[in-house]
Amino acid sequence: MFQVLPHDYKGVTCFRANAPRDRSRTIPVTAMPFIVGAGVLPKKWGPPESKVYVADEQKSRHPFSFVNPANFNDAMLATAARMTLKNAWKKCSTRRYQASGRVVSLRSLLLALKHRSGTDPELFRSLTLHCERLEKVCVDLDEEDAKTKAVEAASIAKTIAAPLVKQRQQQQQQQQQQQQQRVVRVKRPQLRMKQPNCAMVQAVTVYMAKLSKIKLETAKIPTDLGECNTLLTMSPKYRLDTCLPVIRRVADHAISTRRLSATATDALLFFQSPQLPEMIAEFLAVHSASGAVATSRHPLGRSIRLAMFLNAVQAQGTAAESTCIQSAKSAYRQYSQAWSASNRSRSARVVKQFWDIEILILVVEVLDKIHANAIKYWGTTITETTAAGFQALILEHNSCRVIQRKAELKRLIVGCRSYRRFQLETIFTAKFALLTGIRPMGFIAIDLLSANQWEARVNNSRRPEVESALVRYDSKTWLFSRCDGKGSRSGAAAPKERSGLWTRDPLIHSRGKLADLLPLLEEVWQGQKILATDDNAQRQRSYVTNGGVKVSESLYTKRRPSKFFVDGDGKKIFAPPYALPQNGNGIEGTPQNGEGGTFSGLFTSDISALFTGLQVGFAKIYRYKLDTAIKLAELNVSSNARAIASRWKSPLKLTVYDFRRAKSTSVLAALDAARAWRAAGGGETIVHALREIVDNSLRLSDHGEQVARSFYLQTTPAESSQLLEDAMKIMSDGPSKFTVLDFTGDVEKQCKLSHRMVGWRTMARLAREGKILWAPVPPTSPSSCWRWSWMLVVLVVLVAVIKNKIL
């Protein structure tokens, strides 16, 4: 195939072509006569001849690398190319087309421009964007061609197989009649699938795949059935992955109880059976009888309910419509019972609270001190190595022939990666989670961008609908922006830059909410580049998706290659990003729920290993043996932080969700405490101030107050009922008993007391920081101290002047 594409580049005609002897996909190409004729490149321009370019060209293996059609080694493609090129040339020039004109793919041309000195940066950038656009166009055209061929093949197959299909339908009708007349004897069911590969289970699998592709937006929903908003938010693949495993188990269980025949090949015998509600009930009953807890039946009932809803929609207008609707209603009732039992089971659980925001601040204090003494543990060379210096280390290591020096360089390379991974995945993650309270999926969705990359993501005056980005404008100005599709629909709404978090305000240069992270953000900027550099000193961030080639700018990368992220040659890329939920990376086969749980699990194991090892000396991290073991006794931290770190034992775990729960708990408990303070006669303004802090905190954590109070608030009603009495005691005795705790004694008792007083302690901390005005706790922020110092100086001067006048 060699066809003209409708989109040209500055007058250069582009084409869509198969690679030689490869009909699986097409790529955008052009020819040098078209490029020279349009004046994009000079007449005598040619690809560079440097060794670096030749090596990159051999490595990338782009098809059509400045090659004559006669050298395609594909006669059919060469003939099509010559005819298409000549016809296209006649439309743009009166001269004769040179048959020896070289054909080049846009990717090969970009590679040559990259290595050619004197290339116009604007030309390279615009050609890159045009190449990516045409690659998407080629993918869409490939899909249309595949669908057309499939329709043609199905039409031919239908003509050939019509007699066989008629005979099979007659056999299925006979089997269905026999099945309805059969007396079914129910046996004790089994939980494991006994016949996962039988004909009936396979037929159910195929039919369930058909049901998952129903377009509910335009489908006619039965009036008695109502709506199912959950299915509207799910992709066809997500529906299939959610429903298919459970429906297969129900069908297999029905076969075990002899309600279905294993040899039947008609899935309607299962989906349109009047006995389907009984099959579902028996399956859930056996699951309960096996000793499984009620919370494990909740997802089973949900999957069955969704599948039965789709089945009822599919049966609309058929003779089995009434039966399928009754099955769907029965499935919903059984799902409701499982849901209620699951909620009761969750309420009966005894959950022990280990963390609150004030304790986590002490944990971060220990981490900060370790990071501040990084030179002691990793050495100056490793901690001061930049991204460019790291590439130089790798190149020197690869070319070194002295064994001892090579070993030293290898240790430095491992040390740099160890330090930067500790800095990013432990220090930065903990501090950022403490500040924002975002979930693990929010972390792996963050992109690290420069200001130019951030501005380049504007398309048609809009940014991507779902995007989180950490943007570097300069060494002192950073932006964290979250675009979750919930912004204002008004055309006059404020831009996302106005609603993001800044290290400093870009207009008035005031201190922003990210100001405390500023030194660390600059280190993360270098560290991410180091972690993305492979053993050949290359940063290969491109991977193949369903829609073409995509460049990953993800802040967090996995520690091992992933089978989902491969380059154009099918090789796994180095340091791939984490898979996003709902096929967010554009790759089929990735986990539907994403890999946020994987990221959180690694963070938990790293933190646990670090704090457990601090007691005796933590000597090795990420395959690197530290110069000096990290010991808690040698860290210059507060006594409370030392006590919390000493508390760490193997059962104790810290997850990203612990930060999220603690942050929501702290602000909500502080709001409740402020209301109790108001009820005790303490004033109204503090409630309004806490209300504003709660709204900002929950907006950043991406959940509402109702959700936070239902699923994240860790204070109990009994504790909340004592807040008014606490407020009275604070007014009479002062706040020290409620806000100042000493963990050096009985640490577990003090932790429980901290959980009990978390609202008052949060109010005291906010008052000390100057964020709210609370009379019992004066502000101690630098600006407040500066103001009081100046007032004292003025007072002393006035006293001196008065004394001089008197004398």
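User: Which residue in strand 3 is the bridge partner of R16?
Analyst: The bridge partner of R16 is P28. A strand is a DSSP run of E with at least two residues and a helix is a run of H or I with at least four, each numbered from the N terminus. This is a predicted model, in which local features need pLDDT of at least 70 and side-chain atom pairs count only at pLDDT 80 or more, while totals for chains, interfaces and linings use all residues. Residues are numbered from 1 along each chain as its sequence is written, and side-chain values use heavy atoms, with hydrogens and water left out.

User: What makes strand 2 and strand 3 a pair?
Analyst: Two strands pair if DSSP finds at least two bridges between them. Four bridges join strand 2 (residues 15–18) to strand 3 (residues 26–31), so the two strands count as paired. They run antiparallel.

User: In what order do the four strands of the open sheet lie?
Analyst: The order is 1-2-3-4, with antiparallel pairing. Strand 1 (2–4) and strand 4 (103–105) are the edge strands, as each pairs on one side only.

User: Which helix lies across strand 1, strand 2, strand 3 and strand 4?
Analyst: Helix 3 (residues 75–90) does, running at about 20° to strand 1. Helix 4 (residues 106–115) lies across strand 3 and strand 4.

User: Why is V656 called buried?
Analyst: Buried means under 20% relative accessible area, exposed means over 50%, and partly exposed lies in between, computed with a 1.4 Å probe on protein chains only. V656 has a relative accessible area of 1%, and therefore it is buried. In the protein chain of 807 residues, 46% are buried.

User: Which residues does V656 touch, not counting residues up to four places away in sequence?
Analyst: A contact means heavy atoms within 4.5 Å. V656 touches I438, R439, P440, F443, F599, S600 and F603. V656 belongs to helix 24 (residues 656–679).

User: Why is helix 24 called roughly perpendicular to helix 31?
Analyst: The axes of helix 24 and helix 31 (residues 758–768) cross at roughly 90° and come within 7 Å. Angles of 65 to 115 degrees count as roughly perpendicular, under 35 as roughly parallel, over 145 as roughly antiparallel, and the rest as oblique. Helix 24 is therefore roughly perpendicular to helix 31.

User: Which residues of helix 24 meet helix 31?
Analyst: T665, S666, A669, A670, A673, A674 and W677 of helix 24 meet V758, G759, W760, T762 and M763 of helix 31.

Key
Axes fitted to C-alpha atoms, helices over the stretch in contact; angles between N-to-C directions.
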